[in-house]
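Subject: Structure handover

Hello,

Here is the structure for you to look over. My notes on it follow below.

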Amino acid sequence: MLTTEWWRSAVIYQVYPRSFADADGDGLGDLAGITRRLDALSVLGVDAVWLSPFYTSPQNDAGYDVADYCDVDPRFGTLADFDTLMARAHELGLKVIVDLVPNHSSDQHRWFQAAIRAPEGSEERARYIFRDGKGPGGDEAPNNWESVFGGPAWSRITDENGKPGQWYLHLFDSSQPDLNWENPWVREQFKDILRFWLDRGVDGFRVDVAHGMVKAAGMPDYTPPANAGSMGSSAGLDDALASGALDASGMNEAASDRPELPTPPYWAQDGVHEINREWREVLDEYEGDRVLVAEAWVDPPRKLAQWVRPDEMHQAFNFAYLETPWNADAIRRVVDASLDAFSSVGAPSTWVLSNHDVIRHATRLVLNPELNPQGAGIGPNSPEHPDPELGLRRARAASALMLALPGSAYVYQGEELGLPEAIHLPDESRQDPTWFRTDGEKYGRDGCRVPIPWEAEAPAFGFNDTGLSWLPQPEIWSQFARDSQEGVPDSTLELYKRSLALRAEHDLGNGALEWLQGYGSETIAFRNSGVTVIANTGTESVQLPAGDGPGTRIVLQSAGVDGGTLPPDTTVWLV
Ligand code: GLC
């Protein structure tokens, strides 16, 4: 049951177009493939889909390097295919959110191509962040900033006369030049881009790097604290240890507990809020509840809440929740911090465990974050080799917990199948710029982006019918295929379907959370809209409530429960 503002309680499913379904059989997913498979999402019971980028792009960063914001890359199809997808989704009652990538374009975008051909000081250059180099001959980068993907955040162009020219800023790959958001021309272009897609009927935008865009005046040098999260203002591990916020194992820290660090000069500058407000005005011109969702890696939640004040965006991904380990105390703290922060500005909290940038939670929840820091990925030479059975068990318990929380939740394609991270990808198949820019020191994100399995016995597990796949699918993935889980009572797919159905039936997304006491420190227990949810993150079984009165029954369980006790790494819902 959805209230008028659907997004306040919605479950939004992330489709990663490269890896969802491939109608033309070239090994890379496409829009026609997505349209054909939309029924499965309606059966699953989600309210909306968010599509990662399918725009014209050289695909240096899997489409987050956009060369034309208002067209579909031929590898994914055409605008007509997009319209067909939209129509089918709406027919099924699914909302559609598309990705907006405003911090940077591709270096192949006509704006950047014009900029490098135009002289210094020209209008064309002023659309990006070009600066003269420092030192003799301008041979040194304008400042010391580093790219999120590794290496310097500046590259130097060669002028048409063959001589080294100015430097341009790229917080990500060198093929992703940062746009100059101080320039009103850039702002106008993006309002037109929003209108282009709104006119085509999209229900909203997921805004990429919504904490970037504006840079501090003068762009001063900045050295992040050791081990700081690469994407955001996450606290460095050393600071956290020094402040006592973290025990030595790193497994008990709620990401919301981190001390607030000084803001880096390239993230979370005050000026971004002005941009949020301009966009909000554009969305408000349209009928229906269109929504802006911030991808902003900003700590702590009370600071992130500034992105979703009433005249700014509608939602922000809750990465503090995603980054919190499987530990009852830590989870309680991050849930409280999130509900407090978002409700203080009238926004719903969101919850997310996986996406295309992080290790899938069926693997991540059994890794020690100290040994496997966020952003590094995991591969054959990583320091830990996770136990896949325990990982899946925890993932199921964590998902059942998340889907009972009030607010809006995000599900990343494949998590409903219990997919683990693909760890053993051959080096030559890897494509993440992080892998290249760190000379293989960091594996990056390919392991969570492998095309998903639909049919256990089909070529490429039903991703297409040619058997091609842009990243190789692990053989054991046949056991995760959708068709081998459909209708199997204790499968992960059925657990998700049941959670989503009960969530809708009890309107949990619009509910309110009340903590329950008395189950011990390693257990999370709360009530939301008449449903009691108990999750055991510890190593000992926990007695289930006897006092909950006659007629209490378990309506959902992430793993077998017998004899009135809740085993470790298990979540139940009781009504
Ligand atoms: C966002 C995207 C990520 C991309 C980066 C640069 O964080 O989610 O995939 O690489 O922005 O656009």
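Buried here means under 20% relative accessible area, exposed means over 50%, and partly exposed covers what falls in between. The model is predicted.

Backbone

Val 209 has a relative accessible area of 1%, so by that cut-off Val 209 is buried. Val 209 is not a glycine, yet has a positive phi of about 45°. Its place is the loop that runs between strand S9 (204-207) and helix H5 (237-243). The loop between S9 and H5 also holds Met 213. Met 213 is likewise not a glycine and has a positive phi, about 65°. With 1% relative accessibility, Met 213 counts as buried.

There is also a cis peptide bond, from Asp 299 to Pro 300, with omega near -20°. Pro 300 sits in the loop between S10 and helix H7 (301-304).

Ligand surroundings

There are 15 residues around the ligand, and those that come nearest are Asp 61, Asp 208, Glu 295, His 356 and Asp 357. Three of these have a polar side-chain atom listed here against an oxygen atom of the ligand: for Asp 61 the distance is 2.6 Å, for Glu 295 it is 2.7 Å, and for His 356 it is 2.8 Å.

Salt bridges

How many salt bridges does the count come to? The count is 35. I pick out a few.

Arg 8 pairs with Glu 5 through their side chains, at 2.5 Å from N to O. Arg 8 is partly exposed, because its relative accessible area of 26% falls between the two cut-offs. Glu 5, at 30%, is partly exposed as well.

Asp 73 and Arg 75 form another salt bridge, at 3.0 Å from N to O. Here Asp 73 counts as buried, with 3% relative accessibility, whereas Arg 75 is partly exposed at 35%.

In the salt bridge between Arg 195 and Glu 285, the closest N and O atoms are 3.1 Å apart. Arg 195 belongs to helix H4 (residues 184-199), while Glu 285 is in the loop between helix H6 (271-284) and strand S10 (291-294), so this pair ties together parts of the chain that are 90 residues apart in sequence. Arg 195 is partly exposed, with a relative accessible area of 26%.

Some salt bridges share partners, and in this way Asp 61, Asp 357, Asp 432, Arg 445 and Arg 449 are joined into one network. Asp 61 and Asp 357 are also among the residues that come nearest to the ligand.

Second largest pocket

The second largest pocket holds about 630 Å³ of space. Its lining is made up of 31 residues, and Pro 388, Pro 420, Ile 476, Gln 479 and Phe 480 lie nearest the centre. Which helices each supply at least two residues of that lining? They are helix H10 (361-364) and helix H11 (388-402). H11 gives the largest share, five residues. Sorted by class, the lining has 16 nonpolar, ten polar and five charged residues.

Ser 344

Is Ser 344 buried or exposed? Its relative accessibility is 58%, and because exposed means over 50%, Ser 344 counts as exposed. Ser 344 lies in the loop between helix H9 (328-343) and strand S12 (350-352). The side chain of Ser 344 reaches the backbone oxygen of Ala 341 at 2.7 Å. Along the chain, Ser 344 and Ser 9 are 335 residues apart, and their C-alpha atoms are separated by 17 Å.

Where to look

If you have time for a few places, these are the ones I would open:

- the loop between S9 and H5, for Val 209 and Met 213;
- the cis peptide bond from Asp 299 to Pro 300;
- the network that takes in Asp 61 and Asp 357;
- the Arg 195 and Glu 285 salt bridge.

Regards

Notes. Residues are numbered from 1 along each chain as its sequence is written. This is a predicted model: local features need pLDDT of at least 70, side-chain atom pairs count only at pLDDT 80 or more; totals for chains, interfaces and linings use all residues. Side-chain values use heavy atoms; hydrogens and water are left out. A salt bridge is a side-chain nitrogen of Lys or Arg within 4 Å of a carboxyl oxygen of Asp or Glu. Buried means under 20% relative accessible area, exposed over 50%, partly exposed in between (1.4 Å probe, protein chains only). Helices (H or I, at least four residues) and strands (E, at least two) are DSSP runs, numbered from the N terminus. On a 1 Å grid over the protein atoms alone, a cavity is a set of points where a 1.4 Å probe fits but cannot get out, and a pocket is an open set with protein on both sides within 12 Å along at least five of seven lines; lining residues have an atom within 4 Å of a point. Grid points are joined across faces, edges and corners, and a volume is the space filled by probe spheres set on the points. Ala, Val, Leu, Ile, Met, Phe, Trp, Tyr, Cys and Pro count as nonpolar, Asp, Glu, Lys and Arg as charged, and the others, Gly among them, as polar. A residue is near a molecule or strand if one of its heavy atoms lies within 4 Å of it. A polar contact is a pair of N or O atoms within 3.5 Å; within protein, one must be able to donate a hydrogen and the other to accept it, and residues adjacent in sequence count only if both atoms are side-chain atoms.
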